[in-house]
Amino acid sequence: MRSSNKHAVWLVAVLAVLGVIAAACGGSSSSSDKGDDATYDYVSLSGTLNGSGATFPKAFYEDAIAGFAEIARGVTVNYNGVGSGQGKKDLAAGTSDWAGTDSLVADADKATFKGPFLYFPTVAAPITVSYNLSGVSKLNLSPATLAKIFVGTITTWNDPAIAADNAGVTLPSTAITVAVRSDGSGTTSNFSKFLAAAAPDAFTLTAGDTVAWPKSQAAKGNAGVAQLVKSTSGSIGYVDYSDAKATGLTFASIGNKDGKFVQPTLEGASAALAGATINADLTYSALNAPGAAAYPITAGTYIIVYTSISNPTQASAIRGWLNYVLTEGQTLAPEADFAPLPTSLRDSAIAQIAKITG
Amino acid sequence: MSELIERTATGELMLRDTTRRSRRVRNRLASIWMVGSLLIAVIPLALVIGYVLVKGIGQLTPDWFTKDLPAVTRKAGGGMGPAIMGTLLITLAAAAMAVPLGVLGAIYLHEYGGSGRVARLIRFMADVMTGVPSIVMGLFVYTVWTLSHGLSAFGGALALACLMLPIIIRTTEEMLRLVPDELRQASYALGNRKWRTVVSVVLPAAFGGITSGVMLAIARAAGETAPLVFTIGAARKLNLDIFDGPTTALSVQIFGNAQTPYEAAQARAWGAALTLVAIVFILTILARVISARVARRHNA
Amino acid sequence: MASSASDQHIAPGVLPGGDAVSLHGSGSGRRGDRIFRAVALCAGLVVLAVLALIAASTTHEAWPAFRSQGLSFVTSSTWVPAEGRFGALAFIYGTVLSSVLALLLAVPVSLGIALYANEAAPSRIRRPIVYVMDLLAAIPSVVYGLWGIIVLAPFIGPHVYEPISSAVGDWPVIGWFLNGSSGRSFMTAGIILAIMITPIVTSLSREVIATVPSAQREAAYGMGATRWEMIRTAVLPWGRGGIVGAVMLGLGRAMGETIAVALVIGSQSGQITTHLFEAGDSMAAVIVNQFGEATGTHRAALIGLGVVLFLVTILVNVSARTIVGRFDRRAQGV
């Protein structure tokens, strides 16, 4: 044999031995509490995981699915962005294996599920208030003004309340077109909850996945609202940061609890997350968070899965998918314009994976 | 020479146009209206087809027809293979159900029913059925099939078959009517039974016209969106099993991508629109060519 | 072959009622005939069965909504699923308004083309016009919707509606209609619908106009009529019934159109306004937008919208067919 071939054979042999060692270690650590990236056994997983739900984190999940497919070739993960409301219903009906949602399951709906389920926080991001108004590149909106716009009390851009928030800016007399979601949406839930918390007098509607917004044009999914705002001059709507940035929309600065007008950024989101209280089931609210740098409309999103899964292969696949999202997946978040979880929350979530039985 | 006759420049005699000016003006306006209408109708057609061509043509690479839908919807990449296959499978499955039923039903109407009460009722109801909105068909199939059997290509095919059935019945009956009775008489004279006559004499004679009608019905069904939205679900990868599991189709892809702001997704929508329009145009033109050939044979 | 011919004294041919008589007389062939006839009859009855099933199943599913809302389902315009209130009046209004707008835009154009094709066009252009209309009719509605939402709506709002509304929005009467500036609106839906129903109304009108006997035309010309006067006095009165039928079929098609309208009408609920350039909603658009995740009474209410739409389009279609049928009989009678 020529010497270069001999070296190649040695290299392959060494790599093979290392690979066997890695697989052996990976096999034993998949049942340990802390899923370690380097040794988690993704290779032996198989199955199809159908997921559906929120469009808020869709861009992140798509990137995570693509990344996961490279290392867990035996698993196919699908995600259908149909809105948090539909996602929860699909999981309850058993037509999906995992649900993406920005809002929690209502107490009244818990009985429709086939068994107990777990919330896994995945990422968080700002909900932007995007607008389309030529000639106005900077816009400040206090929560009360924002509430009045969406409730329909303010109807034109040059309303005194808007002018009060924006000293020195010339506002045109264009009519405001309010853009909202037509489908049941966790983004709507978080946005309306923020308005209810920060401007309770001005926001006279009931917060939730669906809100009876008066006089507004509706569109499907965050992408639909982004498209509506982008193509309609004089419009204003709530869109998740990732979709709004990818569409090239202009964001308003929202007045936070400390009275500062803050632009939606990942730093502002992380600042809001830092002070949030985490519940026992790992749910939390980062809305209207205190702190001068905190962006007040920061929303978290969750993956919901059943606690007990009948098929063991499927259960392993779900554990593997969740582990990926909470370890390597977190590094993909900023590129997709999402804020990764704070370390402590991330560790608690990884620990919760062990609770999935099957 | 009288007032009514004048000499033209070349020396010929002609009747003078003595129509009152207001009448001539009104005639002119009417002509402008008629020609103008044609131009007004051509403008949107040209715009729509123009946009579809210009924006969609860049998408039609070999990858477009074979690759799966992209995992990341915001970015370019992937293809429309599953959607193209889905449209073809669903439409063909619908045709497989609607064509035999439609042709047999038309045979009953023309060969046996005549102007009897049952036949008149069926004809009337078939006409009524052509007017049922496609979304109502979708709701109907959702209620009776999808709720109990889940999302599948077959549900979509059922809804499309309901849309195609009345069209096929009516056009087939028209074609059967065009077959001269002498052919039938000749067949009976040779000793054939009625069913034999229909199967081996009438149907072959009407074949061209029936095919043309069927292709038009298929073209109409291939473009439908509303009945598929609730019955087939969504899928990224190819699903060849029409009875099990969600799938996707070109029309549904266009509808979904039209509601996003992303360049790449909208480009896919235009590409899918071009593909769908091409399929529909080919079917329509083929149908016209076949029926023109049938007409020529008749007149010859 | 003619073994039993001596037993038969019936000439071969077809009896009234459709049964064939052949030299064969009785035999297994007659069973074949009976089976074939039965199969064909069953196939024909499938139409009746499916229609009955559609009517029955949709009404049954929608019943809970009808029961809980009562008459307010069609008289109230408050549609708030979260509170269990389903008043569809605004959607019925939207369907009717967009369809009427479509007719107002499409009928003059369609009639003009039909008359041009039959009366005024040089014969070289006649065939291409028919082809162009066929092609227009073949384009799927979702493609029109795609063009509408991406090209037409963003352009027409600021560049057509806005200037018109600023100019005449304050005027009496005209300002009641030409008001608003939303690209996604009743008017845009009406425009897209008009483009979609023009081919149908054109080809049906053309068929009607083509049946006018040339004697009528020649009589008018003989009396010195101009072409327009001939059309006005000979063609239009003759074809009036058929043309009305064609228009009503176009109306039925416009009312049932879902996807293109859903994309460009703006999905603004509760809107009952005469301002044509404002957004609204239609029955079919609401169904396709909300059905995906509706449950319980909400789903029943959406199916109920489908039932209302079904009834309205059937009504329009049946009236159209009876009018056209009466016209056909009169035309054949002369």
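Trainee: How many residues of chain C and of chain B are in contact?

Mentor: 78 residues of chain C are in contact with 79 residues of chain B, where contact is defined as C-beta atoms, placed from the backbone, that lie within 7 Å. This is a predicted model, in which local features need pLDDT of at least 70 and side-chain atom pairs count only at pLDDT 80 or more, whereas totals for chains, interfaces and linings use all residues. Residues are numbered from 1 along each chain as its sequence is written, while chains are lettered from A and ligands numbered from 1 in the order in which they are written.

Trainee: Which helix gives the most to the side of chain C that touches chain B, and how do its residues divide by class?

Mentor: Helix α1 (residues 28–69) of chain C gives the most, with 20 residues; helices here are DSSP runs of H or I with at least four residues, strands are runs of E with at least two, and both are numbered from the N terminus. The side of chain C that touches chain B divides into 51 nonpolar, 19 polar and eight charged residues. In this scheme Ala, Val, Leu, Ile, Met, Phe, Trp, Tyr, Cys and Pro count as nonpolar, Asp, Glu, Lys and Arg as charged, and the others, Gly among them, as polar.

Trainee: What does the contact between chain A and chain C take from each chain?

Mentor: That contact takes 22 residues from chain A and 20 residues from chain C, and the side of chain A that touches chain C divides into five nonpolar, 13 polar and four charged residues.

Trainee: Why is strand β8 of chain A called largely enclosed?

Mentor: A residue is buried if 20 or more other C-beta atoms lie within 10 Å of its own, exposed if 12 or fewer, and partly exposed in between. Six of the six residues of strand β8 (residues 235–240) of chain A are buried, so the strand is largely enclosed by the rest of the structure. Both faces are covered, with A:Ser235, A:Gly237 and A:Val239 on one side and A:Ile236, A:Tyr238 and A:Asp240 on the other.

Trainee: How do you know which strands pair with β8(A)?

Mentor: Two strands pair if DSSP finds at least two bridges between them. Strand β4 (residues 117–132) of chain A is joined to β8(A) by six bridges and runs antiparallel to it, whereas strand β6 (residues 177–181) of chain A is joined to β8(A) by three bridges and runs parallel. A:Gly237 stands opposite A:Ser130 and also opposite A:Ala179.

Trainee: What makes β5 and β11 of chain A edge strands?

Mentor: Three strands of chain A form an open, mixed sheet in the order β5-β10-β11, and β5 (140–141) and β11 (261–262) each pair on one side only.

Trainee: What makes a group of residues a nonpolar core, and which members of the largest one touch the most others?

Mentor: A nonpolar core is a set of buried Ala, Val, Leu, Ile, Met, Phe, Trp, Tyr and Cys residues joined through C-beta atoms within 7 Å. The largest has 198 residues, of which B:Met164, B:Ile254, B:Ala273 and C:Val143 touch the most other members. Domain 1 (21–57) and domain 2 (62–299) of chain B both give residues to this core, so the core lies between them; these domain bounds come from an automatic or database domain assignment.

Terms used. Contact = placed C-beta atoms within 7 Å.
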